[in-house]
Amino acid sequence: MGSKMKIGIIGAGTIGSVHADAYKKVGDADLVGLCDILPDTLAEKAKRHGIPLTYATHHELLANPDIESVSICVPNNMHAPIAIDALKAGKHVMLEKPMAMSTAEGEAICAARDAAGKVLQMGMVRRQSADAEIVKKAIDDGKLGEIYQIRIRLIRRRGIPGMGGWFTTKAESGGGGLIDIGVHFFDLAMWATSLWNPTRVSAKTYAKFGSPMEDYHYIGMWAGPPNYEGTFDVDDYAAGLVRFGDQATMSFEVAWAANANDEQMLEILGTKGGIKVGGDTVLLTEVDGMLADVKLKYDDKADGFAKELTKFVAAAKGEGEPAATGEQGVVAMKLIDAIYKSSKLNQEVVVGE
Ligand SMILES: NC(=O)c1ccc[n+]([C@@H]2O[C@H](COP(=O)([O-])OP(=O)(O)OC[C@H]3O[C@@H](n4cnc5c(N)ncnc54)[C@H](O)[C@@H]3O)[C@@H](O)[C@H]2O)c1
């Protein structure tokens with residue numbers, strides 16, 4: 001372990017707190033600054049996490065020359081402006097998902113990173129879980145053979161977050177369940193399979209539960225309670241088919257809300273084996289001419305956020321690579337943009353056009 005890197009967190013909401021707790025587990029990190037535009041939230045969270053310096057705006061935090069790296073944990077519409085300001089101020093940037101509101105914003109962030117010569121890591125924490133790591137290893141070791149189909153089912157029966165707040169307001173979030181939770185599994189699928197070339201998409205998004213807001217019945221709500229004076233103008237369900245050239249396909253269902261049981265499943269089919277992330281991780285394969293189900297064992301106790309931030313700090317210190325790159329974030333944004341476009345046009349579209 002070398003000298004400790006001084007860190008600031010911008011955005012002291014739910015995930016800002018998760019980062020604050022996780023940085024405590026990163027040996028090389030010294031969390032010194034916190035910023036939020038809400039004074040009460042800022043004061044309460046700084047006290048809770050024992051962070052000495054507080055800032056009412058990100059500009060003030062970025063003006064502190066001692067802070068070398070920042071976690072950006074604000075609503076999606078502020079990702080690109082704050083990430084670009086931070087890179088211009090010479091800070092390394094850990095940017096929460098989704099990368100931005102659009103491909104164009106994602107590309108602007110990468111350009112700012114290149115101009116600054118600083119590190120940018122995307123917050124794709126799902127990759128850090130032990131089941132994801134063993135699935136990736138099985139694929140990299142050739143256990144699946146040639147991969148030709150991916151299936152994603154990411155279903156919340158009733159899981160709309162922050163109803164009426166920024167999550168459900170397109171101008172602040174860029175979209176609903178698709179951009180909020182879909183991005184995790186699109187990234188996971190492309191990272192695990194190394195298929196980073198989505199080419200065409202046919203998809204449809206729906207909004208069947210969020211509007212009117214008062215009719216939405218639920219048990220728990222992330223970032224609640226609901227604000228019935230607010231806005232719901234985003235998707236709560238999306239389904240579609242993605243082509244990766246003529247090599248592979250990916251079918252997906254992503255729901256913040258649906259009349260279906262909760263499920264988090266990524267299934268990958270190859271010529272030698274098939275595997276699932278979510279639930280038991282079982283490799284369906286053949287051994288000596290017999291069909292075999294190989295249950296993969298792993299330690300699932302590791303804290304994914306602490307692993308992610310440890311990799312970020314190492315990368316910022318020049319001792320490793322970012323756990324998820326800006327370029328990969330841009331591919332995910334291109335895919336999401338194409339899904340929304342396909343839904344709007346009611347037809348298959350080319351990714352990136
Ligand atoms: N990796 C994950 O699993 C995960 C989970 C949840 C949320 N997220 C992402 O984290 C981000 C924040 O989500 P959240 O659930 O913490 O939301 P939140 O609403 O709980 O917190 C956002 C905070 O940002 C503050 N804020 C808004 N504009 C700001 C600005 N200009 N400068 C400083 N602070 C500002 C708000 O006052 C609020 O306290 C989103 O992009 C979301 O997609 C990631």
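Visitor: What are the ground rules?
Guide: The model is predicted: local features need pLDDT of at least 70, side-chain atom pairs count only at pLDDT 80 or more, and totals for chains, interfaces and linings use all residues. Residues are numbered from 1 along each chain as its sequence is written, and side-chain values use heavy atoms, with hydrogens and water left out.

Visitor: Is Asp28 buried or exposed?
Guide: Buried means under 20% relative accessible area, exposed over 50%, partly exposed in between (1.4 Å probe, protein chains only). Asp28 has 13% relative accessibility, so Asp28 counts as buried. Asp28 sits in the loop between helix H1 (14–23) and strand S2 (29–35). Helices (H or I, at least four residues) and strands (E, at least two) are DSSP runs, numbered from the N terminus.

Visitor: How do I read the neighbours of Lys136?
Guide: Contact means heavy atoms within 4.5 Å. Leaving aside neighbours within four places in sequence, Lys136 contacts Trp191, Ala192 and Ser194. Lys136 lies in helix H6 (residues 130–140) and is buried, at 14% relative accessible area.

Visitor: What about cores?
Guide: A nonpolar core is a set of buried Ala, Val, Leu, Ile, Met, Phe, Trp, Tyr and Cys residues joined through side-chain atoms within 4.5 Å. The largest has 84 residues; Met99, Ile109, Ile152, Phe186 and Phe252 touch the most other members. Helix H8 (residues 177–193) gives the most to this core, 11 residues. Apart from it lies another core of 25 residues, including Leu42 and Phe305.
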